[in-house]
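Trainee: I am new to this structure. Please take me through one part of it closely: the pockets.

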Amino acid sequence: MKGLYYFTNDQRLSDNFLLQEATKDCDEILFVAKAPSSLWGIYRQKFHWESLQCLDRQLKLFNQSLTILEEPLQEIPLDKFDKVYVAKWNTPYEKKEFACIPENKMVTHFQDRLLEDLSLSVPDIFTEFRKKIEKIYICPKEISPIIDFPNQIDLDEKSSLKAPPFKGPHVLSSFPFSGGEKAALERLNCYTFKKEHITSYKETRNGLIGTEYSTKLSPYLAIGNLSPRTIYRTVEKFEREVKKSQDTYWVKFELWWREYFRWVFEKYPHRFFSPLGIKKRDLSLKEDPSVFQKWREGETQNQFINAFMRELKETGYMSNRGRQIVASYLVNDLKQPWWWGADYFEKLLVDYDVYSNWGNWQYIAGVGNDPRPNRYFNPQKQADVYDPSKEFQNLWASPSD
(Lines give C-alpha, C1' and ligand atoms only; values in the text may rest on other atoms or scores of the structure.)
Protein backbone atom coordinates (compact mmCIF):
# COMPACT_ATOMS: atom_id res chain seq x y z
CA MET A 1 0.00 0.00 0.00
CA LYS A 2 1.22 3.49 -0.88
CA GLY A 3 0.88 6.18 1.77
CA LEU A 4 1.35 9.94 1.97
CA TYR A 5 2.23 11.29 5.41
CA TYR A 6 1.69 15.03 5.89
CA PHE A 7 3.48 16.45 8.94
CA THR A 8 1.63 19.42 10.47
CA ASN A 9 1.59 19.86 14.26
CA ASP A 10 3.29 16.50 14.85
CA GLN A 11 6.85 17.17 13.67
CA ARG A 12 8.49 14.34 15.59
CA LEU A 13 9.28 10.64 15.30
CA SER A 14 8.80 9.72 18.96
CA ASP A 15 5.45 9.30 20.71
CA ASN A 16 3.68 9.69 17.38
CA PHE A 17 0.66 7.40 17.11
CA LEU A 18 -0.30 8.32 13.55
CA LEU A 19 3.24 7.90 12.24
CA GLN A 20 3.46 4.47 13.82
CA GLU A 21 0.22 3.45 12.14
CA ALA A 22 1.48 4.69 8.78
CA THR A 23 4.76 2.81 9.00
CA LYS A 24 2.91 -0.39 9.88
CA ASP A 25 0.28 -0.09 7.16
CA CYS A 26 2.33 1.03 4.16
CA ASP A 27 4.78 -0.74 1.88
CA GLU A 28 5.83 2.58 0.34
CA ILE A 29 5.51 6.06 1.79
CA LEU A 30 6.18 9.72 1.04
CA PHE A 31 6.74 12.25 3.82
CA VAL A 32 5.76 15.85 3.14
CA ALA A 33 5.39 19.12 5.04
CA LYS A 34 4.27 22.66 4.30
CA ALA A 35 6.87 25.42 4.05
CA PRO A 36 6.55 28.15 6.71
CA SER A 37 4.51 31.11 5.53
CA SER A 38 6.36 34.22 4.38
CA LEU A 39 3.59 36.22 6.11
CA TRP A 40 4.84 35.11 9.52
CA GLY A 41 7.40 36.96 11.57
CA ILE A 42 11.00 36.06 10.79
CA TYR A 43 11.56 34.14 14.03
CA ARG A 44 8.43 32.04 13.66
CA GLN A 45 9.58 31.16 10.14
CA LYS A 46 13.08 30.38 11.36
CA PHE A 47 11.89 28.10 14.15
CA HIS A 48 9.63 26.14 11.76
CA TRP A 49 12.38 25.74 9.19
CA GLU A 50 14.76 24.44 11.88
CA SER A 51 12.13 21.93 12.94
CA LEU A 52 11.61 20.69 9.38
CA GLN A 53 15.36 20.45 8.79
CA CYS A 54 15.73 18.38 11.96
CA LEU A 55 12.88 16.11 10.86
CA ASP A 56 14.52 15.61 7.48
CA ARG A 57 17.81 14.66 9.15
CA GLN A 58 16.02 12.16 11.37
CA LEU A 59 14.21 10.58 8.42
CA LYS A 60 17.45 10.27 6.48
CA LEU A 61 18.71 7.91 9.20
CA PHE A 62 15.98 5.55 7.98
CA ASN A 63 16.67 6.09 4.26
CA GLN A 64 13.78 8.52 4.02
CA SER A 65 13.57 12.26 3.40
CA LEU A 66 11.10 15.09 3.88
CA THR A 67 9.64 16.90 0.87
CA ILE A 68 8.76 20.51 1.75
CA LEU A 69 6.32 22.30 -0.56
CA GLU A 70 4.26 25.50 -0.57
CA GLU A 71 0.97 23.58 -0.74
CA PRO A 72 1.60 19.82 -0.50
CA LEU A 73 -2.01 18.70 -0.90
CA GLN A 74 -2.43 20.84 -4.02
CA GLU A 75 0.91 20.06 -5.63
CA ILE A 76 0.95 16.29 -5.12
CA PRO A 77 -1.54 14.10 -7.05
CA LEU A 78 -3.44 12.34 -4.27
CA ASP A 79 -4.79 9.70 -6.62
CA LYS A 80 -1.36 8.05 -6.58
CA PHE A 81 -1.80 7.12 -2.92
CA ASP A 82 -4.00 4.59 -1.17
CA LYS A 83 -3.94 6.44 2.16
CA VAL A 84 -3.20 10.00 3.29
CA TYR A 85 -2.13 10.39 6.92
CA VAL A 86 -2.59 13.78 8.55
CA ALA A 87 -3.06 14.97 12.13
CA LYS A 88 -6.66 15.74 12.97
CA TRP A 89 -7.78 19.37 13.21
CA ASN A 90 -11.30 20.73 13.52
CA THR A 91 -10.37 24.40 13.12
CA PRO A 92 -11.76 26.11 9.98
CA TYR A 93 -8.50 26.87 8.13
CA GLU A 94 -7.17 23.33 8.48
CA LYS A 95 -10.49 21.68 7.64
CA LYS A 96 -10.62 23.73 4.46
CA GLU A 97 -7.07 22.69 3.54
CA PHE A 98 -7.79 19.00 4.16
CA ALA A 99 -11.11 19.02 2.27
CA CYS A 100 -9.33 17.88 -0.90
CA ILE A 101 -8.38 14.54 0.72
CA PRO A 102 -10.91 11.84 -0.28
CA GLU A 103 -12.72 10.67 2.82
CA ASN A 104 -12.03 7.00 2.08
CA LYS A 105 -8.28 7.71 1.92
CA MET A 106 -7.85 9.94 4.95
CA VAL A 107 -6.37 8.48 8.13
CA THR A 108 -6.33 10.96 10.98
CA HIS A 109 -5.76 11.24 14.71
CA PHE A 110 -5.47 14.08 17.24
CA GLN A 111 -1.73 14.44 17.77
CA ASP A 112 -1.48 17.29 20.28
CA ARG A 113 -3.72 16.37 23.20
CA LEU A 114 -3.43 14.79 26.61
CA LEU A 115 -6.92 13.31 26.29
CA GLU A 116 -8.12 11.00 23.53
CA ASP A 117 -11.71 11.83 24.32
CA LEU A 118 -13.66 13.67 26.97
CA SER A 119 -16.17 11.63 28.94
CA LEU A 120 -17.64 14.68 30.65
CA SER A 121 -19.33 17.77 29.31
CA VAL A 122 -16.93 20.69 28.98
CA PRO A 123 -17.48 23.18 31.84
CA ASP A 124 -17.33 26.89 31.01
CA ILE A 125 -14.91 27.44 33.90
CA PHE A 126 -11.41 25.98 33.79
CA THR A 127 -11.19 25.15 37.50
CA GLU A 128 -14.18 22.82 37.23
CA PHE A 129 -12.60 21.07 34.26
CA ARG A 130 -9.23 20.71 35.96
CA LYS A 131 -10.61 19.32 39.23
CA LYS A 132 -12.62 16.66 37.43
CA ILE A 133 -9.83 15.59 35.10
CA GLU A 134 -6.98 15.54 37.62
CA LYS A 135 -8.77 12.94 39.74
CA ILE A 136 -9.13 10.42 36.94
CA TYR A 137 -6.31 11.10 34.48
CA ILE A 138 -3.64 8.49 33.92
CA CYS A 139 -1.13 9.43 31.25
CA PRO A 140 -0.82 6.67 28.62
CA LYS A 141 2.51 4.91 28.26
CA GLU A 142 4.86 6.19 25.60
CA ILE A 143 4.46 4.70 22.15
CA SER A 144 7.28 2.33 21.21
CA PRO A 145 10.01 3.87 19.01
CA ILE A 146 9.76 3.21 15.28
CA ILE A 147 12.65 1.03 14.22
CA ASP A 148 11.73 0.36 10.60
CA PHE A 149 10.22 2.41 7.79
CA PRO A 150 8.61 1.42 4.46
CA ASN A 151 10.36 2.11 1.19
CA GLN A 152 10.48 5.75 0.14
CA ILE A 153 8.40 7.03 -2.77
CA ASP A 154 10.27 9.50 -4.94
CA LEU A 155 8.60 12.52 -6.52
CA ASP A 156 10.55 13.16 -9.69
CA GLU A 157 8.47 16.16 -10.70
CA LYS A 158 8.74 17.94 -7.34
CA SER A 159 11.84 19.17 -5.57
CA SER A 160 11.82 20.02 -1.90
CA LEU A 161 12.05 23.71 -0.97
CA LYS A 162 15.11 24.89 0.92
CA ALA A 163 15.23 27.21 3.91
CA PRO A 164 16.23 30.83 3.21
CA PRO A 165 19.16 32.25 5.19
CA PHE A 166 18.26 33.46 8.68
CA LYS A 167 20.18 35.53 11.16
CA GLY A 168 20.80 34.16 14.64
CA PRO A 169 18.60 34.87 17.66
CA HIS A 170 18.47 38.36 19.13
CA VAL A 171 21.15 38.82 21.78
CA LEU A 172 18.49 39.69 24.37
CA SER A 173 16.04 36.93 23.45
CA SER A 174 14.48 34.85 26.21
CA PHE A 175 14.02 32.13 23.61
CA PRO A 176 17.29 31.67 21.71
CA PHE A 177 16.69 27.93 21.17
CA SER A 178 16.51 26.10 17.85
CA GLY A 179 13.53 24.19 16.55
CA GLY A 180 13.33 20.42 16.12
CA GLU A 181 12.68 17.27 18.14
CA LYS A 182 16.31 16.89 19.18
CA ALA A 183 16.46 20.41 20.63
CA ALA A 184 13.06 19.91 22.28
CA LEU A 185 14.10 16.73 24.10
CA GLU A 186 17.36 18.35 25.19
CA ARG A 187 15.49 21.36 26.59
CA LEU A 188 13.01 19.16 28.44
CA ASN A 189 15.76 17.07 30.02
CA CYS A 190 17.87 20.12 30.86
CA TYR A 191 15.03 22.01 32.53
CA THR A 192 13.83 19.04 34.56
CA PHE A 193 16.60 16.56 35.39
CA LYS A 194 19.89 18.27 34.48
CA LYS A 195 19.40 21.70 36.07
CA GLU A 196 16.24 20.94 38.04
CA HIS A 197 14.76 24.35 37.30
CA ILE A 198 11.38 22.66 37.54
CA THR A 199 11.75 22.77 41.32
CA SER A 200 11.26 26.55 41.23
CA TYR A 201 8.82 26.83 38.33
CA LYS A 202 5.86 28.25 40.24
CA GLU A 203 8.08 30.86 41.85
CA THR A 204 9.80 31.99 38.66
CA ARG A 205 7.12 31.52 35.97
CA ASN A 206 6.18 35.21 36.00
CA GLY A 207 9.74 36.29 35.22
CA LEU A 208 10.53 38.57 32.29
CA ILE A 209 14.26 38.18 31.56
CA GLY A 210 16.38 35.18 30.63
CA THR A 211 15.87 31.62 29.46
CA GLU A 212 15.21 29.86 32.75
CA TYR A 213 12.25 31.63 34.35
CA SER A 214 9.89 29.21 32.55
CA THR A 215 10.11 25.89 30.73
CA LYS A 216 10.26 27.45 27.23
CA LEU A 217 8.62 24.29 25.91
CA SER A 218 5.58 25.97 24.33
CA PRO A 219 7.22 26.49 20.89
CA TYR A 220 8.07 22.79 20.73
CA LEU A 221 4.53 21.85 21.75
CA ALA A 222 3.04 24.19 19.17
CA ILE A 223 4.50 22.32 16.19
CA GLY A 224 4.69 18.93 17.82
CA ASN A 225 8.42 18.52 18.38
CA LEU A 226 7.16 17.28 21.75
CA SER A 227 3.82 15.74 22.60
CA PRO A 228 2.12 17.05 25.76
CA ARG A 229 2.12 13.47 27.03
CA THR A 230 5.90 13.31 26.80
CA ILE A 231 6.15 16.39 29.03
CA TYR A 232 3.53 15.06 31.43
CA ARG A 233 5.31 11.71 31.75
CA THR A 234 8.67 13.45 32.28
CA VAL A 235 7.25 15.57 35.09
CA GLU A 236 5.73 12.51 36.74
CA LYS A 237 9.04 10.67 36.43
CA PHE A 238 10.81 13.59 38.10
CA GLU A 239 8.20 13.57 40.88
CA ARG A 240 8.79 9.84 41.46
CA GLU A 241 12.57 9.88 41.25
CA VAL A 242 13.59 13.31 42.56
CA LYS A 243 10.96 15.52 44.16
CA LYS A 244 7.26 16.22 44.04
CA SER A 245 6.13 19.75 44.88
CA GLN A 246 3.79 22.60 44.00
CA ASP A 247 6.34 23.63 41.39
CA THR A 248 6.26 20.31 39.55
CA TYR A 249 2.48 20.20 39.83
CA TRP A 250 2.24 23.66 38.29
CA VAL A 251 3.86 22.50 35.06
CA LYS A 252 1.08 19.93 34.72
CA PHE A 253 -1.42 22.62 35.68
CA GLU A 254 -0.28 24.70 32.69
CA LEU A 255 -0.58 21.67 30.41
CA TRP A 256 -4.20 21.35 31.52
CA TRP A 257 -4.83 25.00 30.62
CA ARG A 258 -3.48 24.27 27.15
CA GLU A 259 -5.65 21.16 26.92
CA TYR A 260 -8.73 23.00 28.14
CA PHE A 261 -8.77 25.49 25.27
CA ARG A 262 -8.85 22.57 22.82
CA TRP A 263 -12.04 21.28 24.36
CA VAL A 264 -13.54 24.75 24.63
CA PHE A 265 -13.14 25.02 20.87
CA GLU A 266 -14.89 21.67 20.41
CA LYS A 267 -17.80 22.99 22.50
CA TYR A 268 -17.97 26.42 20.83
CA PRO A 269 -16.46 26.03 17.33
CA HIS A 270 -18.57 28.83 15.84
CA ARG A 271 -17.85 31.30 18.66
CA PHE A 272 -14.13 30.66 19.16
CA PHE A 273 -13.03 33.21 16.54
CA SER A 274 -16.04 35.51 16.85
CA PRO A 275 -15.49 39.10 18.10
CA LEU A 276 -18.31 38.45 20.58
CA GLY A 277 -16.51 35.39 21.94
CA ILE A 278 -18.09 32.36 23.53
CA LYS A 279 -20.05 34.66 25.87
CA LYS A 280 -21.55 36.48 22.88
CA ARG A 281 -20.67 39.75 24.59
CA ASP A 282 -20.43 43.04 22.71
CA LEU A 283 -17.61 45.13 24.19
CA SER A 284 -18.35 48.11 21.93
CA LEU A 285 -14.65 48.50 21.14
CA LYS A 286 -13.31 51.21 18.86
CA GLU A 287 -11.41 50.44 15.68
CA ASP A 288 -8.57 52.89 15.25
CA PRO A 289 -5.70 51.50 13.14
CA SER A 290 -3.36 54.31 14.21
CA VAL A 291 -3.84 53.47 17.91
CA PHE A 292 -3.35 49.77 17.19
CA GLN A 293 -0.22 50.55 15.18
CA LYS A 294 1.35 52.34 18.15
CA TRP A 295 0.55 49.36 20.40
CA ARG A 296 2.00 46.97 17.84
CA GLU A 297 5.20 48.96 17.38
CA GLY A 298 5.73 49.62 21.10
CA GLU A 299 5.07 53.34 20.80
CA THR A 300 2.31 53.83 23.39
CA GLN A 301 2.45 56.20 26.36
CA ASN A 302 3.30 53.31 28.67
CA GLN A 303 6.97 52.20 28.68
CA PHE A 304 6.21 48.83 30.30
CA ILE A 305 3.84 47.96 27.46
CA ASN A 306 6.33 49.25 24.91
CA ALA A 307 9.08 47.02 26.28
CA PHE A 308 6.98 43.90 25.84
CA MET A 309 5.90 44.81 22.34
CA ARG A 310 9.47 45.57 21.25
CA GLU A 311 10.59 42.26 22.69
CA LEU A 312 7.92 40.45 20.66
CA LYS A 313 8.84 42.27 17.47
CA GLU A 314 12.59 41.70 17.89
CA THR A 315 12.55 38.08 19.14
CA GLY A 316 9.21 36.46 18.34
CA TYR A 317 8.70 35.71 22.02
CA MET A 318 7.11 37.26 25.10
CA SER A 319 6.56 35.97 28.63
CA ASN A 320 3.12 34.73 29.61
CA ARG A 321 2.83 37.58 32.13
CA GLY A 322 3.67 40.06 29.39
CA ARG A 323 1.02 38.64 27.06
CA GLN A 324 -1.66 39.12 29.69
CA ILE A 325 -0.58 42.68 30.42
CA VAL A 326 -0.37 43.89 26.81
CA ALA A 327 -3.64 42.16 25.90
CA SER A 328 -5.44 43.84 28.77
CA TYR A 329 -3.91 47.19 27.81
CA LEU A 330 -5.06 46.88 24.19
CA VAL A 331 -8.64 46.04 25.14
CA ASN A 332 -9.21 47.89 28.41
CA ASP A 333 -7.01 50.97 28.06
CA LEU A 334 -6.90 51.53 24.32
CA LYS A 335 -10.36 50.04 23.62
CA GLN A 336 -9.12 48.29 20.48
CA PRO A 337 -10.39 44.95 19.09
CA TRP A 338 -8.96 41.95 20.89
CA TRP A 339 -9.02 39.94 17.66
CA TRP A 340 -6.58 42.41 16.09
CA GLY A 341 -4.16 41.53 18.86
CA ALA A 342 -4.78 37.81 18.46
CA ASP A 343 -4.07 38.05 14.74
CA TYR A 344 -0.84 39.98 15.37
CA PHE A 345 0.34 37.40 17.89
CA GLU A 346 -0.43 34.68 15.37
CA LYS A 347 1.98 36.18 12.88
CA LEU A 348 4.92 36.72 15.26
CA LEU A 349 4.91 34.23 18.13
CA VAL A 350 7.31 31.31 17.74
CA ASP A 351 4.97 29.32 19.97
CA TYR A 352 1.75 30.25 18.21
CA ASP A 353 -0.95 27.71 19.00
CA VAL A 354 -4.39 28.40 17.54
CA TYR A 355 -6.30 27.21 20.61
CA SER A 356 -4.15 28.81 23.30
CA ASN A 357 -3.77 32.08 21.43
CA TRP A 358 -7.41 32.74 20.62
CA GLY A 359 -8.66 31.20 23.85
CA ASN A 360 -6.39 33.35 25.99
CA TRP A 361 -7.22 36.52 24.08
CA GLN A 362 -10.94 35.88 24.62
CA TYR A 363 -10.25 35.20 28.29
CA ILE A 364 -8.40 38.49 28.84
CA ALA A 365 -10.93 40.45 26.79
CA GLY A 366 -13.79 39.21 28.95
CA VAL A 367 -15.63 37.35 26.20
CA GLY A 368 -14.19 33.91 26.95
CA ASN A 369 -13.91 31.53 29.90
CA ASP A 370 -13.02 33.98 32.63
CA PRO A 371 -15.76 33.77 35.32
CA ARG A 372 -14.96 37.37 36.31
CA PRO A 373 -16.80 39.93 34.16
CA ASN A 374 -13.85 42.31 33.90
CA ARG A 375 -10.25 41.20 34.37
CA TYR A 376 -7.98 44.22 34.26
CA PHE A 377 -4.18 44.23 34.48
CA ASN A 378 -3.20 47.69 35.63
CA PRO A 379 0.12 48.22 33.81
CA GLN A 380 1.62 50.41 36.54
CA LYS A 381 0.78 47.95 39.31
CA GLN A 382 2.09 45.10 37.17
CA ALA A 383 5.33 46.99 36.56
CA ASP A 384 5.71 47.69 40.28
CA VAL A 385 5.38 43.98 41.08
CA TYR A 386 7.24 42.34 38.20
CA ASP A 387 9.73 45.03 37.12
CA PRO A 388 10.25 47.25 40.20
CA SER A 389 13.80 48.24 39.23
CA LYS A 390 12.79 48.76 35.59
CA GLU A 391 15.44 46.30 34.47
CA PHE A 392 13.16 44.83 31.81
CA GLN A 393 11.96 48.25 30.63
CA ASN A 394 15.51 49.53 30.37
CA LEU A 395 16.53 46.40 28.48
CA TRP A 396 14.04 47.12 25.71
CA ALA A 397 14.02 50.93 25.86
CA SER A 398 14.46 52.84 22.61
CA PRO A 399 16.88 55.81 22.36
CA SER A 400 13.92 58.19 22.41
CA ASP A 401 12.56 56.93 25.74
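Which element gives the most to the lining of the second largest pocket, and with how many residues?

Mentor: α4 gives the most there, with 5 residues. First, the ground rules. The model is predicted: local features need pLDDT of at least 70, side-chain atom pairs count only at pLDDT 80 or more, and totals for chains, interfaces and linings use all residues. Residues are numbered from 1 along each chain as its sequence is written, and side-chain values use heavy atoms, with hydrogens and water left out.

Now the terms. On a 1 Å grid over the protein atoms alone, a pocket is an open set of points where a 1.4 Å probe fits, with protein on both sides within 12 Å along at least five of seven lines; lining residues have an atom within 4 Å of a point. Helices (H or I, at least four residues) and strands (E, at least two) are DSSP runs, numbered from the N terminus.

Back to the second largest pocket. Its lining holds 36 residues. W40, R44, Y93, E94 and Y352 lie nearest its centre. At least two lining residues come from each of β1 (2-7), α2 (42-60), α4 (92-98), α14 (338-348) and α15.

Compare the largest pocket. It is lined by 40 residues. Nearest its centre are Y201, E254, W257, N320 and N360. Two or more lining residues come from each of α8 (218-222), α10 (246-267), α13 (320-333) and α15 (354-365). Here α10 provides the largest share, 8 residues.
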